[in-house]
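Colleague: I would like to go through the labels assigned to this model and see what each one rests on. Please give the cut-offs as we go.

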Amino acid sequence: MAAPQAVRGTRDLIGEDQRRHQHVVDTARRIAAAYGFDEWSTPIFEATTVFSRSLGDTSDVVTKEMYTFEDRGGESVTLRPEGTAGVCRALIGNGLTQSLPQKVFYAGPMFRYERPQKGRYRQFHQIGLELIGPSEPLADAEVIACGWAILQALGVAGATVLELNTLGDKPSREAYRAALVAFFDAHRGALSADSLARLERNPLRILDSKDEGDRRLVADAPTIAPYLSEAAATFYTQLQAHLRHFGVPFRENPRIVRGLDYYGHTAFEFVTDALGAQGTVMGGGRYDGLVEEMGGPATPAVGWAAGVERLAMLLPEAPSAPAGIAIIPVGEASEAAAVGVLQALRTAGLRAEMAYRGNLKRRMERANRTGARAAVILGEAEVASGVAQVKDLASGAQSTVPLADLVAHLSP
Ligand code: HAM
């Protein structure tokens with residue numbers, strides 16, 4: 001039988017890959033906590049309607065990319081393609097719409113049937129924030145500032161730029177939509193087949209088209225600025241002022257529309273040119289209508305999600321492998337005492353390892369190869385006098401240490 005392969009678009013995280021991944025998630029979790037966010041874990045699969053009713057029935061995610069299947073009870077379920085819809089479902093289902101604001105951090109796998117390439121997978125991982133309740137632009141700025149702080153702590157902020165846009169309120173979007181339809185209608189012949197379909201259903205999505213011909217046209221298409229209502233324009237101006245107070249640099253980009261349908265007002269992306277085509281590391285915005293659309297009360301909200309794989313690739317340095325302590329018994333009679341030392345060090349929280357066989361030379365070679373920071377050598381003479389030889393493997397220095405002092409001696 002041929003050996004089984006990982007499914008296309010999935011990856012194993014082992015060694016350095018896992019350490020990079022873990023460092024991104026741990027750092028985000030720590031900084032989100034400082035900003036007052038609490039972690040939620042929601043299920044990896046949900047009833048299909050949780051996504052099909054929320055992400056937009058013209059979005060690529062819903063029309064082409066969901067892993068949807070019938071379970072054995074005949075229910076249609078979907079592996080989550082993103083985290084926002086599940087958090088809103090959980091908010092409503094747990095009666096939390098009466099306890100606002102809710103500041104939610106989450107981390108975990110997401111699934112999209114996309115064409116795999118560098119930085120794009122079918123099972124990928126997101127970290128994300130949702131701030132549910134406040135309608136003030138200060139909330140949008142805080143959410144973005146937390147994202148920025150995470151990128152700074154990871155050492156990747158310098159490689160990214162925050163691109164900011166507003167999608168306005170409903171009246172602004174309706175006026176803008178009419179202007180876009182008029183513009184693209186006059187250039188129907190130059191539109192791709194996909195965008196012709198979008199023209200009827202969701203013309204804003206044309207701005208996001210990857211088609212070369214569409215993109216040339218989009219360059220001349222109207223922007224939303226002249227169609228913003230006074231309220232929407234004020235919201236956007238205030239957001240920019242708050243971002244300056246938080247010290248977050250940004251660049252306006254009127255072409256950002258985002259790939260999911262639930263956004264209004266704020267839309268933003270942190271982009272990089274260090275990852276080739278998959279340049280968006282973090283994206284989000286305001287989604288005031290979503291909780292209500294999913295059956296809850298009208299509830300404003302804003303958030304973002306970031307691709308852990310993309311951030312892990314951007315890390316300037318791989319986190320180093322943990323360096324442990326090698327316990328080395330010399331001669332079979334020392335093994336019992338060595339196990340005792342091994343347990344004492346582990347109980348004290350020190351990373352300690354003992355090989356299962358081998359003479360002194362082999363065991364020392366292994367300790368060096370696996371990057372141990374120290375070796376504790378226990379011959380019969382040492383065991384008899386209650387001491388060990390401790391060798392610092394970085395400096396080569398060796399000393400005799402009473403067994404009772406080992407933990408203190410080896411603690412970092
Ligand atoms: P999104 O833009 O669809 O937004 O995804 C957010 C981030 O997830 C992307 O910027 C990218 O870094 C990463 N990502 C998306 N698809 C893939 C993939 N196939 N492989 C690797 N990384 C990927 C959302 O998901 C919204 N829920 C964000 C949000 C939260 N908006 C409001 N709150």
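Colleague: Which residues touch the most other members of the largest nonpolar core?

Modeller: Leu 55, Leu 180, Phe 184, Leu 207, Tyr 262 and Tyr 287, in a core of 45 residues. This is a predicted model, where local features need pLDDT of at least 70 and side-chain atom pairs count only at pLDDT 80 or more, while totals for chains, interfaces and linings use all residues. Residues are numbered from 1 along each chain as its sequence is written, and side-chain values use heavy atoms, without hydrogens and water.

Colleague: What makes a set of residues a nonpolar core?

Modeller: Its members are buried Ala, Val, Leu, Ile, Met, Phe, Trp, Tyr and Cys residues joined through side-chain atoms within 4.5 Å. Another core, of 42 residues, lies apart from it and includes Trp 148 and Leu 311.

Colleague: Why is the pair of Tyr 176 and Tyr 227 called tilted?

Modeller: Ring centres of Phe, Tyr and Trp (its six-membered ring) must lie within 6.5 Å to pair; planes under 30 degrees apart are stacked, over 60 edge-to-face, and the rest tilted. Here the centres are 5.9 Å apart and the planes 35 degrees, so the pair is tilted. Tyr 176 lies in helix α6 (residues 170–185) and Tyr 227 in the loop between α8 (212–218) and α9 (230–246), so the pair ties together parts 51 residues apart in sequence.

Colleague: Is each of these two tyrosines buried, exposed or partly exposed?

Modeller: Buried means under 20% relative accessible area, exposed over 50%, and partly exposed in between (1.4 Å probe, protein chains only). Tyr 176, at 2%, is therefore buried, and Tyr 227, at 30%, is partly exposed.

Colleague: How do you know that the charge of Arg 122 sits over the ring of Tyr 113?

Modeller: The rule asks for NZ of Lys or CZ of Arg within 6 Å of the ring centre and within 35 degrees of the ring normal. The charged end of Arg 122 is 3.8 Å from the centre of the Tyr 113 ring. Arg 11 lies over the face of Tyr 121, at 5.2 Å.

Colleague: What joins the side chains of Thr 266 and Asp 140?

Modeller: A polar contact of 2.6 Å; the limit is 3.5 Å between N or O atoms, and within protein one must be able to donate a hydrogen and the other to accept it, with sequence neighbours counted only if both atoms are side-chain atoms. Thr 266 is in strand β9 (residues 264–272) and is buried at 1%.

Key. Helices (H or I, at least four residues) and strands (E, at least two) are DSSP runs, numbered from the N terminus.
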